[in-house]
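Let's take a walk through this model together. Keep the sequence and the 3D view open side by side as you read.

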Amino acid sequence: MTLPFSPYHEIASIAARYAPVDGEVQTAVDGLGISKRSSPSAPCHGSYRPCLAMVIQGAKSLQLGTDTINYAAGDYLLSSLDLPVAWRVVEASEQVPHFCITLAISGEKVLDLMARAHIRRRAETATGQRGIVVNAATPELLDATTRLLRLLDRPSDIPAMAPLIEEEILYRVLTGPAGEQLMGIVAADTHGNRIARAIAWLRENFARQLRIEDLADHVGMSVSSFHHHFKAITAMTPVQYQKQLRLQEARRLMLLERLDAGTAGHRVGYQSPSQFSREYSRVYGLSPARDVEASRESMVAE
């Protein structure tokens, strides 16, 4: 399929109208977001939930465990799991701001579409695939994304048309190079699905003491297989994953609920304040107190 126009210009034009200032905006289409940055950013720590993220202008860099993932205009990132990451915008300006379109992905919708469209999985690989992958957007995927964005100018069409176009986007992903990775997470009785269940448990219980043997048994895997597939999919060990969750929640508690470092660290499961401070400084580059102070000053400046 060859498009008779440049969809990037049209999508960027729509994005500029609905995201006029830097930051993230949730649109009238459920699950559809637009992010804008007018200059390169410092690293931002957070979590990527299951979603498709397509860069329209500019470029981003993302750190997942030991991996550095770069993607730019024309690329889409598929995140099929809840993964703690650090990302930053590396290419953006006032004249050509960075725009990224995100669409949340529902596992239930993926399974339903697979059944109705008779999409079958190939044999599962021994090593599994990363929970985040990047591919070039096809003309078909760009066309569907453009039509979804156009609905923002026709809000009365959203209830009827948005679900149809979202399903088309899912279909394009499932039948593209990232399809196997997405199917491997949502399909039952796969290594990817078991790791997804382990991640869900970790997110709900990150402050509890982690026993790998119990978690592996909880998802029906041997300890060695669990370790192997968890790291293959997330680029980190279960302990490293839990640590990321703990530190992100502690940072949120200090920034938004104004807890002191000792209380926040204890709240997320650290028994030793010094260990909490060391691990926090290693991830964020500053001690808890200095990082929170710098973040608040940045918020005031913005």
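Start with Arg-120: setting aside neighbours within four places in sequence, Arg-120 touches Glu-180 and Met-183, where contact means heavy atoms within 4.5 Å. You'll find Arg-120 in the loop between α2 (107–116) and β10 (132–136). Helices here are DSSP runs of H or I with at least four residues, strands are runs of E with at least two, and both are numbered from the N terminus. Arg-120 is exposed, with a relative accessible area of 73%; the cut-offs are under 20% for buried, over 50% for exposed and partly exposed in between, using a 1.4 Å probe and protein chains only. Along the chain Arg-120 and Leu-174 are 54 residues apart, yet their C-alpha atoms sit 10.0 Å from each other.

A word on what you're looking at: this is a predicted model, in which local features need pLDDT of at least 70 and side-chain atom pairs count only at pLDDT 80 or more, while totals for chains, interfaces and linings use all residues. Residues are numbered from 1 along each chain as its sequence is written, and side-chain values use heavy atoms, with hydrogens and water left out.

Now for the sheet. Four strands make an open sheet in the order β3-β8-β5-β6, with antiparallel pairing; two strands count as paired if DSSP finds at least two bridges between them. The edges belong to β3 (44–48) and β6 (67–72), which have a single partner strand each, so one side of each is left without a neighbour in the sheet. From one strand to the next, the twist averages 35 degrees. Inside the sheet, β5 (residues 59–64) and β8 (residues 83–91) pair in the antiparallel sense over five bridges. Helix α9 (residues 238–256) lies across β3 and β8, running at about 70 degrees to β8. That angle is taken between N-to-C directions on a scale from 0 to 180 degrees, with axes fitted to C-alpha atoms and, for helices, over the stretch in contact.

On to the charged pairs. How many salt bridges are there? The count comes to 18, taking a salt bridge as a side-chain nitrogen of Lys or Arg within 4 Å of a carboxyl oxygen of Asp or Glu. Arg-17 and Asp-153 form one of them, with their closest N and O atoms 2.8 Å apart. Arg-17 belongs to helix α1 (residues 7–18) and Asp-153 to the loop between α3 (139–150) and α4 (158–174), so this pair ties together parts that are 136 residues apart in sequence. Arg-17 is partly exposed at 46% relative accessible area, and Asp-153 is partly exposed too, at 39%.

Glu-24 and Arg-37 also meet in a salt bridge, 2.8 Å from N to O. Here Glu-24 comes from strand β1 (residues 23–26) and Arg-37 from strand β2 (residues 32–37), 13 residues apart. Glu-24 is exposed at 52%, whereas Arg-37 counts as buried at 15%. There is a network as well: salt bridges link Asp-143, Arg-147, Glu-168 and Arg-172.

Points are joined across faces, edges and corners, and a volume is the space filled by probe spheres set on the points. There is one cavity of 30 Å³ or more, and the largest cavity has a volume of about 50 Å³. Its lining includes Leu-32, Ile-101, Thr-145 and Ile-169, and β9 (98–104) gives the most to that lining, with three residues.

The second largest pocket has a volume of about 460 Å³. Of its 22 lining residues, Glu-24, Ser-47, Tyr-48, Trp-87 and Thr-102 lie nearest the centre. The largest share of this lining, five residues, comes from β3.

Technical notes. On a 1 Å grid over the protein atoms alone, a cavity is a set of points where a 1.4 Å probe fits but cannot get out, and a pocket is an open set with protein on both sides within 12 Å along at least five of seven lines; lining residues have an atom within 4 Å of a point.
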